[in-house]
Every structure is written in C-alpha cells, then in structure tokens.
Amino acid sequence: MPPPPPPPPTAAHRGREVRQRLLRAAAELIAERGWSAVSTRGVAERAGVGQGLVHYHFASLDALLQQAALGTVEEFVREFTALMESAVSTEEALDSALGSLDGFSGTDPISLLFTETYLAAARDEELMRALARLLTRARDGLADRLSDSGVPQPQETAALLLAAVDGLMLHRPASPALTSAAVGPVLRRLLTETTPGSETP
C-alpha cells in the first residue's frame, strides 16, 4: 500500500518560502544592478511574486536589501570562521584565508554584493553597526587562532589581515595577479617576524 501523500504546506511554510525567495532575489539584484538600482518591482519579478508581498514581509525595500546583504555576509563569515577554527597553525589559517580569496575575482556576485554593502553602510549607521558585528565575529575567530600560536597583538594583527583580504578582493579586478601565491609570502612574513621564537625567512 503506497504511503499517504504529504500534507499540503501550511500558510506559515508558504510565507517562509516566499520570504526566502525575496531575500535571494534581492541579493542577486544588489550584485547585478547595484544597491540604489534595485526596485520593489524588480525584486518581486525576480522572486516570481506580487509586489504587495514585498511590503507584507518587510517593512520597506531598504529593510529587505539590508537583510539580504547581511544574510550573505553572515554566511560568508560563518564559513570563514569555520576555516579559522579548523586550522592547526597560524600558517594554515593564513593559507586558508588566502585560499578562499582565490575563489573570488572581484567581479563575481559575492564580491560585488560585499562592495555594494560597504558603500551602503557608509551612508547608513544601522547597517554599518550590523556589518561591524559580523566582521568582528570574523576578526575574533582569526584572533583566537593567532593568539593560540603566540602571535603578539592578535586582535590588531587579525584586523590588519582581514583588511588586507578585503583590499585584495577590491583590487583584484584591476590587478588579477594579486593571488594567494603572490601575496602569501608577504603576509606570512608579517606573521613570522612578529611571532616569538620564529625566524625571518
């Protein structure tokens, strides 16, 4: 006897599905068109829903854009932090950070979304505070790894390394040669020269 068919989705389930479709659509459009060029109509069309559902699920278009962007950044930070936590040495943590950078050209959707989010945050204090909390989480994860390896001033060193990674992503479209193989030795020297008992290569 075949199993009974699954129950139809509830209204709450359908609402969550629509909300996620709107968030995905907004994130895609931020990267494709730029933050200020995304419209309610465009998001609704990309998500395949009526425009009224955008305002039903979100207080405003800007609230939708912020949640979509921050959700993408949070996922990236979560993956980055996991890489840092799994590293067994400072060098491995650095290699993991730079290796993850090689997956981004600077013109890919994730890179463009990050750039647009930074620009929007410069004009929006609430967005900047939320973004800062996510970046602090990534910095703390890297600082813990550096501290375990005896690197002095782990918080400051982690902040500098993350800023370098951000800068490399920003410069990558104009300077494709800025790969992990090219910049790795320079950043690795920064760590080895500030680690007690290490030798300068």
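So, let's start in the loop between α7 and α8, which is where Q153 sits. Keep in mind that this is a predicted model. Phi of Q153 is near 45 degrees, a positive value, and this residue is not a glycine. For background, most residues other than glycine have a negative phi. Is Q153 buried or exposed? Its relative accessibility is 56%, and the cut-off for exposed is over 50%, so Q153 counts as exposed.

Two packed helices are described by the angle between their axes and the distance between the axes. Here we have α7, residues 125-148, and α8, residues 154-171, with axes that come within 8 Å and cross at roughly 125 degrees. That angle makes α7 oblique to α8. As for handedness, the crossing of α7 and α8 is right-handed.

Which residues make the contact? On the α7 side, you'll find L135, A138, R139, D140, L142, A143, L146 and S147. From α8 come P154, Q155, T157, A158, A159, L161 and L162.

One last stop, friends, elsewhere in the chain: H57, which belongs to helix α3, residues 51-57. The relative accessible area of H57 is 17%, and buried means under 20%, so H57 is buried. What does H57 touch, leaving out residues up to four places away in sequence? The partners are G15, V18, R19 and L22. If you have the structure open, have a look at H57 in α3, and then go back to Q153 in its loop.

Notes. Residues numbered from 1 in each chain as written. Predicted model: local features only at pLDDT ≥ 70, side-chain atom pairs only at ≥ 80, totals over all residues. Heavy atoms only, no water. Axes fitted to C-alpha atoms, helices over the stretch in contact; angles between N-to-C directions. Helix = DSSP H or I, 4+ residues; strand = E, 2+ residues; numbered from the N terminus. Parallel < 35°, antiparallel > 145°, perpendicular 65-115°, else oblique. Left-handed = near helix turned anticlockwise from the far one by under 90°. Contact = heavy atoms within 4.5 Å. Buried < 20%, exposed > 50% of the residue type's maximum accessible area, 1.4 Å probe, protein only.
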